[in-house]
There are 2 protein chains.
Amino acid sequence: MERTRIIQVLKSETHGHGVLIKGWVRTRRDSRDVIFLEVNDGSCLDNIQVIIGEEMMKRPDLAQVSTGASVAVRGTLVESPAKGQKYEIRAGEVEVYGLADPESYPLQKKKHSFEFLREISHLRPRTNTFGAVFRIRNAMAMAIHSFFQEKGFLYVHTPIITASDCEGAGEMFNVTMLDLEKMKITGGKADFAEDFFGKKTSLTVSGQLEGELLALSLGDIYTFGPTFRAENSNTSRHLSEFWMVEPEMAFAVLDDDIRLAEEFIKRIFSLCLEKCGDDMAFFDSRIQPGIIKNLESIIRQDFEVVTYTEAVGILEKSGSAFEFPVGWGLDLQSEHERYLTENHFERPVFVIDYPREIKAFYMKLNDDEKTVRAMDLLVPGVGEIIGGSEREDRYDVLLRRMKDSGLDPDEYWWYLDSRRYGSAPHAGFGLGFERAIQYVTGMQNIRDVIPFPRTPRNAAF
Amino acid sequence: MERTRIIQVLKSETHGHGVLIKGWVRTRRDSRDVIFLEVNDGSCLDNIQVIIGEEMMKRPDLAQVSTGASVAVRGTLVESPAKGQKYEIRAGEVEVYGLADPESYPLQKKKHSFEFLREISHLRPRTNTFGAVFRIRNAMAMAIHSFFQEKGFLYVHTPIITASDCEGAGEMFNVTMLDLEKMKITGGKADFAEDFFGKKTSLTVSGQLEGELLALSLGDIYTFGPTFRAENSNTSRHLSEFWMVEPEMAFAVLDDDIRLAEEFIKRIFSLCLEKCGDDMAFFDSRIQPGIIKNLESIIRQDFEVVTYTEAVGILEKSGSAFEFPVGWGLDLQSEHERYLTENHFERPVFVIDYPREIKAFYMKLNDDEKTVRAMDLLVPGVGEIIGGSEREDRYDVLLRRMKDSGLDPDEYWWYLDSRRYGSAPHAGFGLGFERAIQYVTGMQNIRDVIPFPRTPRNAAF
């Protein structure tokens, strides 16, 4: 008999037939003549109850089965008299694959703090919360792919190891094969010509520049891969290694970018609600009450568009006592972003046309020469969730902006080439995948939405 | 009017209506009173021909349009009198976005060598071959996702930066934030406690160990992410950075693994043929004649299964003059693999039960104590395309094998925990994504199936 996943067993339309399930015991309860096991196999939030009759109660291996043990159960699917579950399995045969010593198994049936569970990231996917998080993570990843594939975007892979420092988006990790213990330093400089790639290399902070090259050949593309920040930020919103989604469209201007981002966010949220109903109900009841309603309202609302200049005016007139100063030319802080989306507009809002000084060199300069065609999407609860722009497609302006930003144009000859040969308007944006999962699940700490988080002083597992 | 992709325009069921296309000029030809442009937008292999009439011929910007320029054309879709194309566009309006100086634009209409095109990896996606490669790459990636998603596997992300050296699969790149130019060496050792993660870290060579942890919680999972090898291999089959697919199934033994791998390979090849007919026809006619027939025959055939011991016997009896020696205990070389699959079995073949000494520590030891439950899938034309195994799920045996392999069990406490608590039979395999693309397209050099290849002394773009 083939194993059936518990999600399928629980969806059975009939009962009375034989089934074979395999999974991990969540709890065991013994009565005088029956053992009750709650078994979970990761396929869904729900366990299935297994009833083991008197005839097997004396088996020594079964005597040792406790929370965490893995078992195979062959038996008959029957209606359950117990409340809250439709079916249970009356066991015919039970095979014990692996025990879990109750003295040392860390996941006993009690509430563990997320801090504690982070220390055992290798076992936490066996809990309700983390099983649900990783099923949602899977559903979100697939929602992203299906959104772009349906629109005819090509999934591309941009390099992880890079010799360029895209946009100075953040501190970069060095990648080297130099013998760190026998470094040869000449005139205060390490000789990277001796290194594996013949030059200094780092881990990418963004695939955008390479993504632009591919968009300016293939039309519409998106990346979905890991990116890195070597910043010493020990917050609930920062990871040293995280996954990013970066679409890029040829022949598109800022308006197209805004339309794409709105449709994208609505669609991935819808798909999550649709595909992961049980898991979402769990987050709604146990992690962040009201989160489903919040997502539904985002899906329903028309997003607002406001210029940075208007946004600053709104904040200045708000009368709110902000911690950080507000003023034209200053970057918006999280508290300002949240005021705009939560208090003023009461819906998601795109802020566009930011001052050039606070945005990256590759964003297209407006005719006022003061602002660039940037867009940040702000959502209630967190502030910025997406950042993007129309790109500077004029060779001479781009060159000037690179020099102004202290970048060496010779290092970026290939990027400049894309504006020298067949340049075209194009635009794109970036979404931090883990932040989007935090938003959908209500999980407060970003370390709890990726299987094995990398943060300062932590690369365990 | 909205832009329509050329792939859609060419599929139109009607004509006579207005269309707006945007793309890059592949060729320009002028007659006395008409300009002919072949325009491609990356959405498909085919160009569309644009006819620009006399009234526009004198426009100075149009005079400069040449190969590589990007344009928007609004016009009427009409039947083409020319052979080999169904439609063409009679231009009403033409907008020129960007020119491409014919003196310097490197992609002129002539045959360029792949070596030359590698030097301009930022422009090569604008050629027929590379457009087709990257569309196939997208289709393969999606085929992989849909295969596993339909089977209920969860897509998971395992860490890129790691403090462990999985299976000693290869040389690893160091990841560091230590100041390479001011390294403090104490007693001949660098002080990694001072480094970003507080220990020595590297780029992953495989997500398998972490994948196992997730399978032993969630059931069936797969990874699809970048992996790295810091080996000085300058061959047409090696990249320093490549993408790998690694499924892992709980409650599965070697037979299940073999079944999964066979179904997987057949399905992703089928989906490629199905979704990318035009691009595959291009590879079949221009890159490797017969490749479609080869893939079709693989899809149709039952794969063979043979033990390593039997395979060695076959090779010894073959009478072939191999370059490398054949003998029990020696690893199979590519020439041996190809003999088995091409000459002896004339179909794909799984070789199983390899000697423990030539395989990784985590593979399950057979009762003979000499062999392990490994499987390599060999296919005609290249040899090994997939490698996998049932994993050692017995705590004591795994511990012994780790020690025998010189690994420090204390470093892998979390991996051992998965066998200490609720261990279960499980199995998985790995597919190098770029090698699979090479196989499907017939591209001879692996550097030509990834947008921006990383190889020794090369991290350009």
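Predicted model: local features only at pLDDT ≥ 70, side-chain atom pairs only at ≥ 80, totals over all residues.

Student: What makes you say that the copies meet through the same surface?

Tutor: Of the interface residues of chain B, 100% are interface residues in chain A as well, so the same surface is used by the copies where they meet.

Student: Why are β1 and β4 of chain A said to pair, and in which sense?

Tutor: Two strands count as paired if there are at least two bridges between them. Strand β1 (residues 18-30) and strand β4 (residues 70-79) of chain A have seven bridges, in the antiparallel sense, and therefore meet that condition. K22(A), for instance, has A72(A) in β4(A) as its bridge partner.

Student: What makes the arrangement of strands in chain A a barrel?

Tutor: Five strands of chain A close up in the order β1-β2-β3-β5-β4, with mixed pairing. From one strand to the next, the twist averages 55 degrees.

Student: Which parts of chain A are its domains, and how far apart are their centres?

Tutor: Domain 1 of chain A covers 6-106, while domain 2 covers 124-169 + 205-448. Their C-alpha centres lie 45 Å apart, and the contact between them takes nine residues from domain 1 and eight residues from domain 2.

Student: What covers the buried residues of helix α10 of chain A, and which residues are they?

Tutor: The buried residues of α10 (residues 334-344) are H336(A), E337(A), Y339(A), L340(A) and T341(A), each being called buried because its relative accessible area is under 20%. Their cover includes α9 (308-317), β15 (349-355), β16 (371-379) and β17 (383-390) of chain A. Just after the helix, E346(A) takes a positive phi of about 50 degrees.

Student: Which residues have the most contacts inside the largest nonpolar core?

Tutor: That core has 241 residues, and those with the most contacts inside it include L340(A), F264(A) and M280(B). Neighbours within four places in sequence aside, M280(B) is in contact with I136(B), C272(B), L273(B), I291(B), I292(B), L295(B) and V440(B).

Conventions:
Residues numbered from 1 in each chain as written. Chains lettered and ligands numbered in written order. Heavy atoms only, no water. Helix = DSSP H or I, 4+ residues; strand = E, 2+ residues; numbered from the N terminus. Axes fitted to C-alpha atoms, helices over the stretch in contact; angles between N-to-C directions. Contact = heavy atoms within 4.5 Å. Core = buried A, V, L, I, M, F, W, Y, C linked by side-chain atoms within 4.5 Å. Buried < 20%, exposed > 50% of the residue type's maximum accessible area, 1.4 Å probe, protein only. Domains from an automatic or database assignment.
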